[in-house]
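Please look over the structure shown here. The questions below work through its fold, its rings and its backbone.

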Amino acid sequence: SKTRKLSIVGARGVGKSTLVVQYVDNYFVESYYPTIQNQFTKFVKFRNNTYEVEILDTAGQDEFTIVQSGPIVHGYILVFSLNSRSSFDLMPIIRDKILDSTGKDDIPMVLVGNKLDLERKVSKEEGLALAKEFGNIPYVEVSAKLSGNTGEENTDINKIFLKLLEQI
Ligand code: GDP
Ligand code: MG
């Protein structure tokens with residue numbers, strides 16, 4: 001099948017819903033119901049095929065969110081805010097939960113530092129080092145806000161999803 005299920009996880013408020021809406025609909029949402037778990041679908045052309053990419057936008061209790069993500073998930077987007085040290089510190093905890101719940105020791109993941117437009121509390125080197133520790137997964141820094149409401153595809157945000165699909 002050409003369906004790929006992805007899940008986006010991370011602390012509350014890091015911009016998970018914003019990133020997904022930017023990716024799927026190309027606009028920036030100023031505020032989004034933080035407690036709603038939603039599924040989004042986008043048809044993506046990738047290596048001469050069109051894939052139906054389903055993205056589960058998790059919500060709720062920080063590190064407890066991913067456990068409920070249910071059936072088959074092909075890959076995970078781990079998001080923290082470059083503006084929040086605590087959201088960065090949560091990443092290894094969330095990753096361990098994913099690995100525990102899937103029973104695998106290797107599952108496609110991408111590490112994302114969002115809110116590049118705000119004051120940085122986590123350095124690029126730290127992000128890169130953590131991605132390396134996570135088994136050399138891709139690391140991408142973005143701002144879901146910078147691209148604004150241009151209606152244009154945001155190449156940096158596309159990169160997150162392409163790097164994940166490449167692994168799947
Ligand atoms: P979630 O809880 O992880 O889904 O976070 P949201 O997507 O609801 O975003 C939380 C808040 O951060 C919202 O007010 C967003 O508009 C804002 N936000 C998201 N991404 C960015 C960004 O890149 N830069 C800035 N400055 N704000 C952002
Ligand atoms: Mg959300």
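Q: What percentage of the 168 residues of the protein count as buried?
A: This is a predicted model, in which local features need pLDDT of at least 70 and side-chain atom pairs pLDDT 80 or more, while totals for chains, interfaces and linings use all residues. Residues are numbered from 1 along each chain as written, chains are lettered from A and ligands numbered from 1 in the order written, and side-chain values use heavy atoms, without hydrogens and water. Buried means under 20% relative accessible area, exposed over 50% and partly exposed in between, with a 1.4 Å probe and protein chains only. By that cut-off, the share of the 168 residues that count as buried is 49%.

Q: Which residues does threonine 18 touch, not counting residues up to four places away in sequence?
A: Threonine 18 belongs to helix α1, residues 16-25. Its relative accessible area is 14%, so threonine 18 is buried. Contact means heavy atoms within 4.5 Å. Leaving out residues up to four places away in sequence, threonine 18 touches Phe28, Val29 and Ala144.

Q: Why is the pair of phenylalanine 80 and phenylalanine 88 edge-to-face?
A: Rings of Phe, Tyr and Trp (its six-membered ring) pair if their centres lie within 6.5 Å; planes under 30 degrees apart count as stacked, over 60 as edge-to-face and the rest as tilted. A search of the whole structure finds four aromatic pairs. For phenylalanine 80 and phenylalanine 88 the centres are 4.8 Å apart and the planes are at 65°, so the pair is edge-to-face.

Q: Which residues form one aromatic cluster?
A: Phenylalanine 80 is buried because its relative accessibility is 0%, and phenylalanine 88 is buried because its value is 8%. Phenylalanine 80 also pairs with tyrosine 139, stacked at 6.4 Å centre to centre and 5° between the planes. This second pair links strand β4 (residues 75-81) to strand β6 (residues 139-141), with phenylalanine 80 and tyrosine 139 lying 59 residues apart. The one cluster is made of Phe80, Phe88 and Tyr139.

Q: How is asparagine 48 placed, buried or exposed?
A: Asparagine 48 lies in the loop between β2 (38-46) and β3 (49-57). Its phi is near 65°, a positive value in a residue other than glycine. Most residues other than glycine have a negative phi. The relative accessibility of asparagine 48 is 84%, so this residue counts as exposed.

Q: What is the phi of asparagine 136?
A: Asparagine 136 is in the loop between α4 (124-133) and β6. Its relative accessibility of 61% is why asparagine 136 counts as exposed. Although asparagine 136 is not a glycine, its phi is positive, at about 60°.

Q: Which residues are exposed on the other side of α4 from its buried residues?
A: Gly127, Leu130 and Ala131 are the buried residues of α4. They cover an arc of only 100° around the axis (taken from the directions from the helix axis to the C-beta atoms), so they are on the same side of α4. Their cover includes α2 (85-89), α3 (91-102), β5 (109-114) and β6. Exposed on the other side of α4 are Glu125, Lys132 and Glu133.

Definitions and conventions:
Helices (H or I, at least four residues) and strands (E, at least two) are DSSP runs, numbered from the N terminus.
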